[in-house]
Amino acid sequence: MKAWVLHGVNDMKLEKMDSPVPGAGEVLIAVRDSGICGSDIQRVYRTGAHIHPIIIGHEFSGTVVELGEGVDTYFECVGRNEIFAQAVEYTAPAGNVVLTWNPSFTHCRKDDWHYVIERLVQKQIASSGLISHRFPLEKLAQGLEIMHGKSEEYVRIMGVMD
């Protein structure tokens, strides 16, 4: 597999690496798409990460392709359990669930998170229209440069895997 590996501030390289093997209680996810988060810009260009080397990126979607021993269900979640239960409820059997961080934590059914989830379910929002740039893995550093230097207008920059 290939991954962008951060070795230090301003030191990121696309590297070929062995595919990980899930251990007991773990899963292997084939990443299909990955967003660039503002915190990635900080890590690459200003502060580095808590450890190096590290594969940065935490906004992704993919498919579970291998289960470690003892795994029959997998959820990776950040935020309130109720939000993820709602997302799973809206997903058809054998469908894909793509979850993202909930910045509001207001516990109010009328917060921005609920507003967006409801409209996505009702197909009133076409989220793909919010992606302004798509880069293949080999060129994803260009997306980081756009966000860092603000050299172009952008809404959302995605890395698209083959």
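In which strand does His133 lie? In this predicted model, His133 belongs to strand β6, which covers residues 133-136.

The protein chain contains 4 helices and 7 strands. Read from the N terminus, these elements follow the order β-β-β-α-β-β-α-α-β-α-β. Of the 162 residues in the chain, 28% count as buried. The chain exposes about 10,800 Å², and carbon and sulfur atoms supply 53% of that area. Among contacts between residues at least 6 apart in sequence, 61% join residues at least 24 apart.

The strands may be considered next. Strands of a sheet pair through backbone hydrogen bonds, in either a parallel or an antiparallel sense. An open sheet of 3 strands in this model has the order β2-β1-β4, and its pairing is antiparallel. Its edge strands are β2 (11-16) and β4 (54-55), each of which pairs on one side only. Strand β1, formed by residues 2-8, is joined to β4 by 2 bridges, and the two run antiparallel. Within this part of the sheet, Val5 stands opposite Ile55 of β4.

Further pairing involves strand β3, residues 27-35. Strand β3 and strand β5 (residues 59-67) pair in the antiparallel sense over 8 bridges, and Ser34 stands opposite Phe60 in β5. Strand β3 also pairs with strand β7 (residues 157-160), again in the antiparallel sense, over 3 bridges. Here the bridge partner of Gly35 is Met158 in β7.

The loop between β2 and β3 holds Pro22. Is Pro22 buried or exposed? Its relative accessibility is 14%, and because the limit for a buried residue is under 20%, Pro22 counts as buried. Leaving aside neighbours within four places in sequence, Pro22 is in contact with Val27, Leu28, Glu66, Leu67 and Gly68.

Attention now turns to the interior. In soluble globular proteins, nonpolar side chains tend to be buried together. The largest nonpolar core of this model has 17 residues, of which Leu6, Met12, Ile36, Val44 and Leu144 touch the most other members. Two or more residues are given to this core by each of β1, α1 (38-47) and α4 (140-149). Helix α4 gives the most, with 4 residues. The surroundings of Leu6 illustrate the packing: not counting residues up to four places away in sequence, Leu6 touches Asp11, Met12, Arg43, Val44, Ala49, His52, Pro53, Ile54 and Ile56. Met12 and Val44, two of these neighbours, are themselves among the core residues that touch the most other members.

The account can now return to His133. With a relative accessible area of 13%, His133 is buried, because the cut-off for that class is under 20%. Which residues does His133 touch, not counting those up to four places away in sequence? They are Ile146, Glu152, Glu153, Tyr154, Arg156, Ile157 and Met158.

Methods. Residues numbered from 1 in each chain as written. Predicted model: local features only at pLDDT ≥ 70, side-chain atom pairs only at ≥ 80, totals over all residues. Heavy atoms only, no water. Buried < 20%, exposed > 50% of the residue type's maximum accessible area, 1.4 Å probe, protein only. Contact = heavy atoms within 4.5 Å. Areas by Shrake-Rupley, 256 points an atom, 1.4 Å probe, with all protein chains shown as cover. Pairing = 2+ DSSP bridges. Core = buried A, V, L, I, M, F, W, Y, C linked by side-chain atoms within 4.5 Å.
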